[in-house]
Amino acid sequence: MIKEACVGDFRSAVRAIHHGANRLELNADLAQGGITPSLGVITETVRFAHQHHIPVIVMLRPRGGNFIYSHHEIQIMRFDAQKIAQAQADGIALGILTSHHQLQTEQLLYVTQQLPLELTFHMAFDQIANQAAALHWLSQHHFQRILTHGGPLNQPLNIKHLQELITLAANQIQILPGGGITKGNVADIMRVLNVEQAHGSKIV
């Protein structure tokens, strides 16, 4: 069972590890849904987590708001991704969309090319219209997992849709349920969905 704790700073990362998290998603500014943390926070969190054999996935997001990025923002993301790799993090979580709520495939490839990192497509996935096609593309382009709530975050976890995605993703890519998952309900949700991992800011 992998409990991926969504944390917003170094102190929260330490606390999550001590409370049983066995993977971290490291962010800054969780009030905005998480953005890329500073290089210092990344470096020190990775050092501490690796001492405890805990992998660290770093949020790659230049700002809050939507997931439609300018040329300059894509350059920032590419540069940050390279620095995250140099800091020996285990992976990145990112999402880039077009104005029509589809994968922005060209920019995704540019940002992630030749990175020695695990790739997670984050909850921007829940805004995508054709999720089956997106899931297939991500699985074919070296993404390990998709973080999804199964629907809008302002609604309860959509168990039925998550089950459909898990069936669709079988042997292609991992589905990582998240949003509203806590230490009180994580075991039941993982049992119902028959998954081995879950994500949340209150998961431990």
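Q: Which loop does Asn171 lie in?
A: Asn171 lies in the loop between α6 (159-169) and β7 (174-177). Keep in mind that we're looking at a predicted model.

Q: Okay, and is Asn171 buried or exposed?
A: Asn171 is exposed, with a relative accessible area of 86%.

Q: What about its backbone, what's the phi of Asn171?
A: Asn171 has a positive phi of about 65°, although it isn't a glycine.

Q: And what does phi look like at His142?
A: For His142, phi is near 70°, which is a positive value in a residue other than glycine. You'll find His142 in the loop between α5 and β6 (145-148).

Q: Buried or exposed, that His142?
A: His142 counts as exposed, because its relative accessibility is 62% and the cut-off for exposed is over 50%.

Q: Let's go into α5 then. Where's Ser139?
A: Ser139 sits in helix α5, which covers residues 131-140.

Q: What does Ser139 touch?
A: Leaving out residues up to four places away in sequence, Ser139 touches Gln172 and Ile173. There's also a polar atom of the Ser139 side chain that lies 2.7 Å from the backbone oxygen of His136.

Q: Switching topic: how many helices and strands does the whole protein have?
A: The secondary structure comes to 7 helices and 8 strands. The protein is as compact as a globular protein of that length, because its radius of gyration is 16 Å, close to the 17 Å that the globule rule gives for 204 residues.

Q: What box do the C-alpha atoms fill?
A: Roughly 40 × 40 × 30 Å, taken along the principal axes.

Q: And how many of the 204 residues count as buried?
A: 50% of them do. As for the accessible surface, that comes to about 9,700 Å², and 52% of it belongs to carbon and sulfur atoms.

Q: What share of the contacts links residues 24 or more positions apart?
A: Among contacts with a separation of 6 or more, such residues account for 61%.

Q: Where is Val186, and is it buried or exposed?
A: Val186 is in helix α7 (residues 186-193). At 2% relative accessibility, Val186 counts as buried.

Q: Now helix α1. Which residues are buried there?
A: In α1 (residues 10-18), the buried ones are Ser12, Ala13, Val14, Ala16 and Ile17. Their cover includes β1 (2-7), β2 (23-26) and α2 (39-51).

Q: What's going on at the ends of α1?
A: At the N-terminal end, Asp9 is the cap: one of its side-chain oxygens lies 3.3 Å from the backbone nitrogen of Arg11. Following α1 is Gly20, with a positive phi near 110°.

Q: Last one: where's Ser70?
A: Ser70 is in the loop between β3 (56-59) and α3 (71-86). Ser70 is partly exposed, with a relative accessible area of 32%. Its C-alpha atom is separated by 10.0 Å from that of Gln107, 37 residues apart along the chain.

Note on methods
Residues numbered from 1 in each chain as written. Predicted model: local features only at pLDDT ≥ 70, side-chain atom pairs only at ≥ 80, totals over all residues. Heavy atoms only, no water. Helix = DSSP H or I, 4+ residues; strand = E, 2+ residues; numbered from the N terminus. Polar contact = N/O pair within 3.5 Å; in protein donor to acceptor, adjacent residues only side chain to side chain. Contact = heavy atoms within 4.5 Å. Rg over C-alpha atoms; globule rule 2.2 N^0.38 Å. Buried < 20%, exposed > 50% of the residue type's maximum accessible area, 1.4 Å probe, protein only. Areas by Shrake-Rupley, 256 points an atom, 1.4 Å probe, with all protein chains shown as cover.
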